[in-house]
Amino acid sequence: MSHALQDLLDLLDLEQIEENIFRGRSRSAVVPRVFGGQVAAQALVAAGRTVPQDRPAHSLHAYFLRAGDPGAPIVYDVERIRDGRSFTTRRVVAIQHGRPIFSLSASFQAHEEGLDHQAPMPASPDPVALPTSEERLRGYDHLDPAVVERFLEAREAIDLRYVDEPPYGKFGEPREPHSQVWFRTNGKLGGAVDEPLLHVVLATYVSDMTLLDSVLLAHGRGGWAVGDVVGASLDHAMWFHRPFRADEWLLYDQESPSAHGGRGLGQARIYTQEGRLAVSVIQEGVVRVPRAD
């Protein structure tokens, strides 16, 4: 396991300070606020810690309410909404400086058999043949070196590989609003930490990294890395269909059906390398063109 991955696992290992209250810390992000995927992942950890291990998470719905302060701890207050025979529901509010910055509702389900079908996995190249994040980012002379270093530091624990040029790599002309990335943790998971909740939490963490890329592609924008848009996540929803491992390659197939009113919508599916549909994701975010434009 890489040092960066261990640091990420430590970040997600919350301190329990009361029966339903947990505390987490933050790390630096590409932008000067707490990374949304971190807050969502930590909130899901807090919810999961109050649920029996034989009930894996099957969905989450979240709202980003305020920008998080990376220099202050985050308190997660869990409300035990329901404990039914098949489903368990939790609501989590993340608090900083006495104010809510994030809210999440998560549902967990005991295993049962049922109907089974899925959308087929789209075509995509072998992830091993694609450039790493470092190889791509260090090849872009137009990017501020400080931005490159922040990107690399923020993604050091995740091996994330774009199939095509990311928005900040090639911009100025609209492209198809569709993006694919392969990802896995930068190291294998094992031992006491290797539990189903952790893999779901890690996928939640990564899911906020690139989902609005397809919005940018549709308008030829490079994004926050080059400063031609400003934005932030507004709400986020995930459905976990089938078991998967976050330390094995996962295809994140993303598209944007709409942008309007200063908001952009991204929707995606996450597949295992064997073609199993593991997760569905939808997110809306603020995507604004700077006033100078």
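1. Let's start at valine 279. Setting aside residues up to four places away in sequence, Val279 touches Met238, Trp239, Phe240, His241, Phe244, Ala268, Arg269 and Ile270. Keep in mind throughout that this is a predicted model. Valine 279 sits in strand S12, which covers residues 277-288. With a relative accessible area of 0%, valine 279 is buried, because the cut-off for that label is under 20%.

2. One pairing here deserves a look on screen. Valine 279 and arginine 242 are 37 residues apart along the chain, yet their C-alpha atoms are 7.3 Å apart in space. Arginine 242 also turns up at the largest pocket, among the residues that lie nearest its centre.

3. On to that pocket. The largest pocket has a volume of about 850 Å³. Its lining comes to 23 residues, and the ones nearest the centre are Gln109, Phe240, His241, Arg242 and Pro243. Two of these names, Phe240 and His241, are also in the list of residues that valine 279 touches.

4. H5 gives the largest share of the lining, at 3 residues. Sorted by class, the pocket lining has 11 nonpolar, 7 polar and 5 charged residues.

5. Searching the whole structure for cavities of 30 Å³ or more turns up 1. The largest cavity holds about 50 Å³ of space. Around the largest cavity you will find Pro131, Thr132, Ser133, Arg136, Leu137, Arg155, Leu160, Arg161, Tyr162, Pro166 and Tyr168. Helix H3 (133-137) and strand S7 (158-162) are the elements that give two or more residues to this lining. By class, the cavity lining divides into 6 nonpolar, 2 polar and 3 charged residues.

6. Now the packing. The largest nonpolar core has 70 residues, and Leu44, Tyr76 and Phe102 are the ones with the most contacts inside it. Helix H5 (residues 196-210) brings the largest share of this core, 9 residues.

7. What does tyrosine 76 pack against, leaving aside neighbours within four places in sequence? Its contacts are Leu14, Asn20, Ile21, Phe22, Gly24, Val39, Gln42, Ala43, Ala46, Val92, Val93 and Ala94.

8. Glutamine 96 is found in strand S5 (residues 87-96). Is glutamine 96 buried or exposed? It counts as buried because its relative accessibility is 3%, and the label needs a value under 20%. A polar atom of the glutamine 96 side chain lies 2.7 Å from the backbone nitrogen of aspartate 69. Beyond the neighbours within four places in sequence, glutamine 96 is in contact with Gly68, Asp69, Ala72, Pro73, Ile74 and Ile101.

9. Histidine 97 is a residue to check by eye. Histidine 97 lies in the loop between S5 and strand S6 (99-109). Its phi is near 50°, a positive value in a residue other than glycine. Histidine 97 counts as exposed because its relative accessibility is 60%, where the label asks for over 50%. Glutamine 96, by contrast, is buried.

Methods:
Residues are numbered from 1 along each chain as its sequence is written. This is a predicted model: local features need pLDDT of at least 70, side-chain atom pairs count only at pLDDT 80 or more; totals for chains, interfaces and linings use all residues. Side-chain values use heavy atoms; hydrogens and water are left out. On a 1 Å grid over the protein atoms alone, a cavity is a set of points where a 1.4 Å probe fits but cannot get out, and a pocket is an open set with protein on both sides within 12 Å along at least five of seven lines; lining residues have an atom within 4 Å of a point. Grid points are joined across faces, edges and corners, and a volume is the space filled by probe spheres set on the points. Helices (H or I, at least four residues) and strands (E, at least two) are DSSP runs, numbered from the N terminus. Ala, Val, Leu, Ile, Met, Phe, Trp, Tyr, Cys and Pro count as nonpolar, Asp, Glu, Lys and Arg as charged, and the others, Gly among them, as polar. Buried means under 20% relative accessible area, exposed over 50%, partly exposed in between (1.4 Å probe, protein chains only). Contact means heavy atoms within 4.5 Å. A nonpolar core is a set of buried Ala, Val, Leu, Ile, Met, Phe, Trp, Tyr and Cys residues joined through side-chain atoms within 4.5 Å. A polar contact is a pair of N or O atoms within 3.5 Å; within protein, one must be able to donate a hydrogen and the other to accept it, and residues adjacent in sequence count only if both atoms are side-chain atoms.
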